[in-house]
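Please open the model in your viewer and keep the selection panel at hand. The tour below moves from one selection to the next and says what can be found at each stop.

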Amino acid sequence: MPTYDLEKLFQERIDQEIKIEPKDWMPDAYRKTNLRQISQHAHSEIVGMLPEGNWISRAPSLKRKAILLAKVQDEAGHGLYLYSAAETLGQSREQMINDLHSGKAKYSSIFNYPTLTWADIGAIGWLVDGAAIMNQVMLTRTSYGPYARAMVRICKEESFHQRQGFETLLVLSKGTPAQRAMCQDAINRWWWPALMMFGPRDSESSNSDLSMKWKIKRKSNDELRQQFVDMIAEQVKLLGMQLPDPALKWNAARNHYDFGDINWEEFWQVVKGNGPCNKERLEARKKAWEEGQWVREAAAAYAAKNKTRNKAA
Amino acid sequence: MQLIRKFFYGDIPDGASGAEQQTSVTKKTDWPLWEVFIRSKQGLDHKHVGSLHAADAQMAIENARDVYTRRMEGVSIWVVESSQIVASNPQEAGELYEPATDKVYRHPTFYDLPDEVKHM
Amino acid sequence: MRNSIIDYTLYLADSALILGQRNGDWCGHGPILEQDIAITNITLDLIGQARSFYQYAASLIGGDSTEDSLAYLRGEREFKNCLLAERPNGDWGQTILRQFLFSSFQRELYTVLTQHTDQTLAAIAEKSLKEVNYHCRWSSEWVVRLGDGTDESHLKMEAALENLWPYTRELFKAADYEIAVGMDPSSLHTPWFNQVEKVLQEATLPISSTEHIFMHTGGKQGLHSEQLGFLLTELQYMQRAYPGSNW
């Protein structure tokens, strides 16, 4: 069948909301885009384990320690679901990891910020997971089957993440002056980076929007960001805290919150590798991988020996 | 076809950052890919839930248990090396699946039963 | 008797907590993603066991004692965990070997504990046994994989065995409170050793080299390694820095 017919059939499936599956014909650009997006999403989950994992040993109570362990473990699991979905597009896990370590593949910049206090753990759960959930719910309807199904599974598990984050901050907000100050300080530091998670403004994109046409992405950056601001601006009131934006104000005419300008200079610096923790995050991942080399080799060697033994037996 | 320039969650364009030294790849550490099928306690059949890497079958089962059954008990886990799976070709879907639509008498709704006949 | 039950419960709780704390350091740093998840699972199980034991001990102590006051506000000399639990992680080989030696012991211990007259301890042991069986399975498979993997992994496992073996005897040397509650562990040594020997043999690791090794003790009596101090500093930091706060 000539390619333009295949493309036509492909677009028809997309338009009819029929999922594209691994063995289906797809335009090369569709394959590449999905592969890049899914693998970067996977990398984000894995790197995201580091800023939170930072506080496992110092969690202030046994209950919080268990909750944090479960949350970080969930993130590992989500990374796994996503790597698994990405591998259906023809790239191996090892290749994806090499791309991450070489700097070729990216991960969500939010994880290049440091977790300085225990309250940061609450802020991450509430703001960062909150932003992620917004995007993830949209992705459960993405056109590529394995990605959509991974997202459905992730969304089911994700709800406890945002709740535990908010609840962590709620307890602080009702605590001692030192705890209340810790809570406000964490919100001050994580708010703008959380807004940056939604990416650059829509106005900075080209007009022909294949990712929307191919239903890889179903809502624009600005749309999602606005949705997020509206939600958080209400929730922060329950904490008795402020968002660090003097321009944040309800606009009755728009039926949305107006908010201030994001520091795009900071955004691009962090993307470029100049965030507070870029180096450390990547070094930690590389170290884990390199130091695990002998383990993976040994397990593979043992499996091979066993196969031979079983054949001989 | 225009290249996609819109940025979306988690995706940063290649040009915007510096690349570093590539870490070396070695083939002898390859752990095969396994597909995982889970049947829940109330379930009737095993459903495909995803894949994972493991060095051997034992590890694959345990990894599947750790990753896919964290929130439930009493499940049955099947793991199969991905290379062992034989799948039908979606292009052949027509000849493999279409004929059934002609045989409408296979469908229970084809039959009109009196209301008195319950549970059928 | 009551004090002995408290001490005994704290010994069980501390051992699970300290080992859980050690394992938790692997989260995000394991040799491959799937194993990160596996060891975190084990960590969660251990923390869960610790919490059950601490909660019981707190109820026996009464007053304003809680699971957290016991875990976060006792000092180095008050912790009763076995020395094996506080050994450093080392490499993956040392970590899984530590787990194997410890979990094999827990299996024997908890099996006997399910028959104890103290209903709470028996119940905790019964619930924990399922998890512990999995820990034994998982860790023993790793011991074999790494012992009988490559030359490099074999050498690392020999080193791990040399590092950890001196801390195994303590598990079977009764502290006063163990005798007082009728849980003398010395009878557990034979079944434990038989199981361990079987796995080490399959892993091609030389158990004979362990015969004349000097054994360290003291953990059960609060005489720990220097490392425990650092571990507790991290573990207890928040509660010490912000006393009297809710989290």
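**First stop: chain B against chain C**

Select B:Asp56 and C:Arg145, whose side chains meet in a salt bridge at 3.0 Å, N to O; the term stands for a side-chain nitrogen of Lys or Arg within 4 Å of a carboxyl oxygen of Asp or Glu. Between chain B and chain C the count is two salt bridges. Before going on, note that this is a predicted model, in which local features need pLDDT of at least 70 and side-chain atom pairs count only at pLDDT 80 or more, while totals for chains, interfaces and linings use all residues. Residues are numbered from 1 along each chain as its sequence is written, chains are lettered from A and ligands numbered from 1 in the order in which they are written, and side-chain values use heavy atoms, with hydrogens and water left out.

Now widen the selection to the whole interface, where 13 residues of chain B are in contact with twelve residues of chain C, contact being heavy atoms within 4.5 Å. The area buried between chain B and chain C is about 1200 Å², and carbon and sulfur atoms give 50% of it; buried area is the accessible area (1.4 Å probe) that two parts lose on being put together, summed over both. On the chain B side, B:Glu62, B:Arg65 and B:Asp66 lose the most area to chain C, together 42% of what that side buries.

Eight residue pairs across the interface of chain B and chain C are in polar contact, both residues at pLDDT 80 or more. Such a contact is a pair of N or O atoms within 3.5 Å; within protein, one must be able to donate a hydrogen and the other to accept it, and residues adjacent in sequence count only if both atoms are side-chain atoms. Colour β2 (47-53) and α1 (57-68) of chain B, the elements that give two or more residues to the side touching chain C, with the largest share, eight residues, coming from α1(B). Helices (H or I, at least four residues) and strands (E, at least two) are DSSP runs, numbered from the N terminus.

**Second stop: chain A against chain C**

Next, show chain A with chain C, where 47 residues of chain A are in contact with 48 residues of chain C. These two chains bury about 3900 Å² between them, 68% of it on carbon and sulfur atoms, and in chain A the residues that lose the most area to chain C are A:Leu62, A:Gln73 and A:Trp294, together 21% of what that side buries.

Across this interface of chain A and chain C there are two salt bridges. Select A:Arg93 and C:Glu34 to see their side chains meet in a salt bridge at 2.5 Å, N to O. Several helices of chain A, including α2 (28-53), α3 (62-87) and α12 (293-312), each supply at least two residues of the side that touches chain C, and the largest share, 14 residues, comes from α3(A).

**Last stop: aromatic rings**

Finally, display the rings of Phe, Tyr and Trp (its six-membered ring), which pair if their centres lie within 6.5 Å, with planes under 30 degrees apart counted as stacked, over 60 as edge-to-face and the rest as tilted. By this rule there are 25 aromatic pairs over all chains. A:Tyr81 and B:Tyr68 form a stacked pair, 5.3 Å centre to centre and with 25° between the planes, and this pair crosses from helix α3 of chain A to helix α1 of chain B. To close, select B:Trp31, C:Trp26, C:Trp92, C:Trp138 and C:Trp142, which ring pairs link into a cluster.
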